[in-house]
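Here is a short briefing on one protein model. Keep the sequence and the 3D view open as you read.

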Amino acid sequence: MLVELNKAVFQARLQKIYNGWNNASPTNDYATVAECDALMLIAGDPAADDEPMRKGTCFQQWLLGYEFPSTFILFEKDKLSILCSASKAKFLAQIQDPTAAIPVKILAQAKAKEPANDALPKFAELYLSHKKVGTLVKEKHTGKILTEWGKQIAEASDKPELVDMSHSISSFMTIKDEEELKATKVAAGLTSTLLKHYVAPRLETILDRETKISHDQLAAQIEARLGSGEGEKAKGPDMNVWGHYKGKKLPEADWQVTEFCYSPIIISRSSKSGYDLRYTEESSEDNISHKGVLLVAFGMRFKTYGANVARTFIVDPTSSQEAQYNLLLSLQTEMLSFIKEGVTARDAYQHALSFVAEKDPALEKHFVKNIGFGTGVEFRDAAYLLSAKNTRALHANMVIILGLGFNDLTDANGVKYALHLADTIQVGEEKSTILTEGVKSPKDTLFFLNGDSADEKPQKKDRKPPVQPRTNGTPAKVKTVGGKVLRNQTRRTQDEVHQTAAAKLAEHQRELHEKIHQEGLAKYSEEGGATSGKEGKGWKKFQSYKGEAALPAEVDKLRIFVDRKAQTVILPIHGFAVPFHINAIKNASKNDEGEFTHLRINFQTPGQLAGKKEDTPFQDPDATFVRSISYRSTEGHRFDSIYKQITDLKKEANKREQQKKEMADVIEQDKLIELKGRRPIKLTESFIRPPLDGKRLPGEVEIHQNGIRYQSPIGSQKVDILFSNIKHLFFQPCDHELLVIIHVHLRAPIMIGKKKALDVQFYREATDVQFDETGNRKRKHRYGDEDEIEMEQQERRRRQVLNKEIKAFAEKIAEAGSTALGDTLELDIPFRELSFEGVPFRTGVRLQPTTECLVHLTDSPFLVVTLAEIEVASLERVQYSLKQFDLVLIFKDFNKAPLHINSIPSSQMDDVKNWLDSVDVPMAEGPVNLNWGPIMKHINENPYEFFHNGGWSFLGASNGAESDASEMSDSESDFEAEAQELESSSSDEESAYSDASGSESGSDFGEGSDSDVGDDWDELERKAAKSDLKRAEAKQANGGDDSESDRPKKSKSNGKSSGKSKENGKKSHGKGKR
């Protein structure tokens, strides 16, 4: 990349240096250079990566925009001289300006292979001509140019006096111009975004789930949000986090100038080093403690300008800790008002100390020794340390990291802790402005526990047992009218509770629908009428032979020849042998006419009605195409053979193409890195699904450095799964199940044997088939159920041990994956109490929600649906008279076919709705099934137009209450009619979204049922109501009771009654049935 120096910025900052130098006096900020007649800036070889940036390097970057190692800069009263290499001189020539007030002279040294020139002696002569030179005395540099410089100066008899100018350098850089403030605000915005949308939620998840993760692992995960890896394995910035940045979207190039100021610091009570508020501290390798005080600090740098935050999170805080934290918040607000133009650093610290002493005198001795420092290109500018000894004044447009805290505090149990609150602020004329905002209030940083159990989940409020009716004694007095209980206060309260819950659900759903609508408009606004990101079919070129020499010898006979090896049919045309690849041929046909046999070969051409292949792309669709070629011969047996060969070759090509399409998403994983020096952690006696070839025998699962391996006892059969390919990891206990399972859902399929697999499962059987039914010694002395009770208790204990062992191994997999990836691999456990029955495939199964997914893991085929990938859920066949309903999940990737879960019991509808609402999935409900194939095709044609015209509003929002089909039919959307039109117009075309699960579910209201061509539901309801009314009138007229059936009943002894029954049977005969 060409280095471009900003000449205007350089001249402005150079003038700022000379103005400060010329106006320097012993009483102002530039006192250290007041008596200097030259300033010298030395840069040797670059510093190591683990060393902090030197002040000289920061000053060079501030002045020039880049770091130039092995470069000397000499500021004289009338000019600026630079000594550098020849290559650097080419770049630095950009800042030379003959018309500038301060001319720039560049002395370039000779190249390595050329003889030395006089650049270094001339520069030394200029340096030695001065009596007092300001420089950074404390900085030590190394390098070839420093060695030569030392020899040159050592030979001089008269050397200038050196003065430390570090404080003046800080004064030159401390007041920020407009460009510097802009870069600082971007850095502050990125820091706040990372805090709000990753660090705080991630830490909350770790504390809530009590995830085992070390301090340095969490720090590495935070750093990985800017990208990780190198080469082909490199990952870019995590846009799931940075997409929340409120500022202007950063171009890709700007991410290259974004970095962390230092490795994030995570400290908890388990840290070996204890609580240390210094920014030189490092995160330890100990696991994070899930109780007590946690400190988090990190800073981000954008275009060399940094911003920093530090936060305190307290788990189960005491009242004194809450008071101390609230005092820090009040103190920060107070200091923002106090720090302004002209206030000295000492006054700022004394004011903070006085504030603490006034509010809580006991905390005064625990207050930090300084409350912050100036920042900019140099992260920590010690010249502007806000301490009790610093008398330097603060000025407007300075940027300060204001860090408040208490050290060496002790809780009631004698455990030490500290509190820390730091933000980046901009000093103003009247007050300071905070630049890094967010995650500061007690509700965001203080966490309270409900219990002591490690695996405890949020508990629901205890329900009062239902009141039993009195069997003996006086019944409870209630007001009655006509035998019905009036609405008393209790019933009214219950109704209000139900109405409030339904209203909250409806309101939340409205918010979710509005959110996905806005996201859809934002996502597709720039693409306009483009498709949803899926590229169209590409034109493929097939080559039969590389040249004429590669043609087979049979072409000399000028006869039709099928070359199976080249997948080509060679046809004689006008005396030439013309090869046609089998993919260019559509099909072949043969028919006999008299003594002749006709062979017709049809080719793929545009404009054919060929179902899915109608839109097959061609290189030039406007070219002239040969649609077919016919041959006639008396050798019928030969044409029979050729026809069979072409047909077989075409079938093989189609089969190969289909297999290639199925395997397109299968990846070849990297090599598993085995552990060396110690044995891997193993889970023995486990089986794998899908099963390997051969006899079913238990194998071992091993945890290695970058993945897991299943080793079969049969030969060399093994299955490797890398942590980088694991999308979800589940553990399903054997409670109410026959298997205890570790389930791995992959990001991309892998090959196991000859099959591709997206889900791999390791399991053990929980049932014990090896028990004695013939009786034993205990049976001789025991009678009754004691032995059976003991067997049940043993079975229960054995299941508990099995669950504990397998879960511990699954947690070790998650821990090893988190270490290898630098990002947490969560272990998910299904919530059986939230499960519901449904038919996602051919048979009914129990579907169980987890934290991130909806799963069925017990039997094959498995189902794993990531909740974050769901766009909207549609509840269909929601009618009062039906005992079941269907659930259709539409994914954010519109090219993916919707998932149909059919035949869910209507009794579980409220549970399903509440669960979907709790995981923020927008939902809608309707009385009939929709044909999702044409609907998704319509959406994919122009997603922007779809969202612009209302998006998913055509489904109708869920109101949280049941309604009759007649009521819902009145509010049907026009889209249902449009869907029917799409279905009819595309009846000849096979849909790309043919859903096997929907047709195989056995639903009475599925697609393609007879109800599509019969009466609609409104008509059926009207007929049924009319029939019921006639039956009721007939019963009243005949004095009959409330008979349940209108079928003719058996004859009774009373002939009159029999006659009425027959009459009723005749009247109802032929009526439409529901």
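How much space lies in the largest cavity? About 80 Å³. This is a predicted model, where local features need pLDDT of at least 70, side-chain atom pairs count only at pLDDT 80 or more, and totals for chains, interfaces and linings use all residues. Residues are numbered from 1 along each chain as its sequence is written, and side-chain values use heavy atoms, with hydrogens and water left out.

**Cavities**

- The whole structure was searched, and 3 cavities of 30 Å³ or more were found.
- A cavity is a set of points, on a 1 Å grid over the protein atoms alone, where a 1.4 Å probe fits but cannot get out; lining residues have an atom within 4 Å of a point.
- Grid points are joined across faces, edges and corners, and a volume is the space filled by probe spheres set on the points.
- The lining of the largest cavity includes Trp 62, Met 173, Lys 176, Glu 378, Asp 381 and Val 399.
- Its residues divide into 4 nonpolar, 4 polar and 3 charged. (Ala, Val, Leu, Ile, Met, Phe, Trp, Tyr, Cys and Pro count as nonpolar, Asp, Glu, Lys and Arg as charged, and the others, Gly among them, as polar.)
- The second largest cavity has a volume of about 60 Å³.
- Among the residues lining the second largest cavity are Ile 265, Asp 276, Arg 278, Tyr 279 and His 420.
- Two elements, β8 (265–267) and β9 (292–302), each give two or more residues to this lining.
- β9 gives the most, with 3 residues.
- The lining of the second largest cavity has 7 nonpolar, 1 polar and 2 charged residues.

**Helix α4 against helix α5**

- Helices (H or I, at least four residues) and strands (E, at least two) are DSSP runs, numbered from the N terminus.
- Helix α4 (residues 119–128) packs on helix α5 (residues 144–154) at an angle of about 55°, and their axes are 10 Å apart.
- Axes are lines fitted to C-alpha atoms, for helices over the stretch in contact, and angles run from 0 to 180 degrees between N-to-C directions.
- α4 and α5 are therefore oblique to each other. (Angles under 35 degrees count as roughly parallel, over 145 as roughly antiparallel, 65 to 115 as roughly perpendicular and the rest as oblique.)
- The contact (heavy atoms within 4.5 Å) includes Leu 120, Phe 123 and Tyr 127 of α4, and Trp 149 and Ile 153 of α5.
- By class, this contact has 8 nonpolar, 1 polar and 1 charged residues.

**Helix α10 against helix α11**

- Helix α10 (residues 319–338) and helix α11 (residues 345–359) cross at roughly 145°, and their axes come within 10 Å.
- Among the contact residues are Leu 327, Glu 334 and Phe 338 of α10, and Asp 347, Phe 355 and Lys 359 of α11.
- The contact of α10 with α11 has 8 nonpolar, 2 polar and 3 charged residues.

**Backbone details**

- Most residues other than glycine have a negative phi, and most peptide bonds are trans.
- The peptide bond from Arg 689 to Pro 690 is cis, with omega near 0°.
- Pro 690 sits in the loop between β25 (681–689) and β26 (699–703).
- Ser 860 and Pro 861 are also joined by a cis peptide bond, with omega about 0°.
- Look for Pro 861 in the loop between β35 (853–856) and β36 (863–866).
- Asn 397, a residue other than glycine, has a positive phi, near 70°.
- Asn 397 lies in the loop between β12 (381–387) and β13 (399–410).

Definitions and conventions. 1 Å grid on protein atoms, 1.4 Å probe; cavity = no way out; pocket = protein on both sides within 12 Å on 5 of 7 lines; lining within 4 Å.
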